[in-house]
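Subject: Structure handover

Hello,

Here is the structure I promised to pass on. Please open it first, then read my notes below.

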Amino acid sequence: MDPDRRFHVLIGAPLLVDHLPEAPCCVIDADQDQLDRLEQDLAARPHAHGCELHCAVLARQADAPIDWYRFNDRRWDGTLSFSAWPGGRPNLQLQDRSTRVGIELSALLDGLSMRVDAMQFLTVSVGQGDPLAVVEAGGAWLDRIEALQLTAPAAETCWAQLLEARLQPLGFKRSRDGALVWKRTTAAMQRLCNKQLEHQRNSLAEERDELKRYLQEAHAATAELERRHQEEMLHLKLQLE
């Protein structure tokens, strides 16, 4: 399959370029230092399909204050404190807690420098933060998500049931092998494809109508110039006589 058919959104930066998907992607992470390390690796080993980095915390509402927890193991960094995990984690230590200003996923994707084609579907991998922010604040991009995966520790306990309740009405089904992967059903994907094709046809029709109006205006302007030219020539001829 053509890797450029999909656009990947990774929430939580990988350590190395090797861990990026073989496709165009956007990496979102709350830790600028981690993004800087990945950017250095990208400078040495460019990603063949393009990769854009953003330091941000996703939220369900724009500009919402988000409590952000950082631990000695960055895999656990996010919006959940120790109390959210049954049984606790004896080797895990809280390094700091801060308040971040959240951004909606739709706003971040709308502002990408990379071009995401209208026919590209999204694969979203959530390894950090609140996965419900993807659903609640995905905007029009939500309709283009083909698959969503949870990769954060304890995601089954903390997020799976809540996410299932939100994704199932949208035409997603969880993987049968128990993996934390939700994909749209074939019927749902067909509806999305038809919707995108209809949108593309409408856009082409609008461009055609706009071009037609432009040509009509250009033709009218040319006819008016020709009329004025003929009048001036007639006036000049009368003066010479």
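A contact here means heavy atoms within 4.5 Å. Counting the contacts in the protein with a separation of 6 or more, 64% come from residues 24 or more positions apart. Please keep in mind that this is a predicted model.

Overall layout

The protein has 5 helices and 9 strands. From the N terminus, their order is β-β-α-β-β-β-α-β-α-β-α-β-β-α. The radius of gyration is 26 Å, well over the 18 Å that the globule rule gives for 241 residues, so the protein is more spread out than a compact globule. Along the principal axes, the C-alpha atoms fill a box of roughly 110 × 40 × 35 Å.

Inside

Buried residues are 37% of the 241. The largest nonpolar core holds 38 residues. Within that core, Val-9, Ile-28, Val-124 and Leu-150 touch the most other members. Elements giving two or more residues to this core include β1 (6-11), β6 (121-126) and α4 (155-167). The top contributor is α4, with 6 residues.

Which residues does Val-124 touch, not counting those up to four places away in sequence? They are Val-9, Ile-11, Val-134, Ile-145, Ala-147, Leu-148 and Gln-149.

There is also a second, separate core of 9 residues. Among them are Leu-10, Val-17, Leu-20 and Leu-38.

Best wishes

Note on methods. Residues numbered from 1 in each chain as written. Predicted model: local features only at pLDDT ≥ 70, side-chain atom pairs only at ≥ 80, totals over all residues. Heavy atoms only, no water. Helix = DSSP H or I, 4+ residues; strand = E, 2+ residues; numbered from the N terminus. Rg over C-alpha atoms; globule rule 2.2 N^0.38 Å. Buried < 20%, exposed > 50% of the residue type's maximum accessible area, 1.4 Å probe, protein only. Core = buried A, V, L, I, M, F, W, Y, C linked by side-chain atoms within 4.5 Å.
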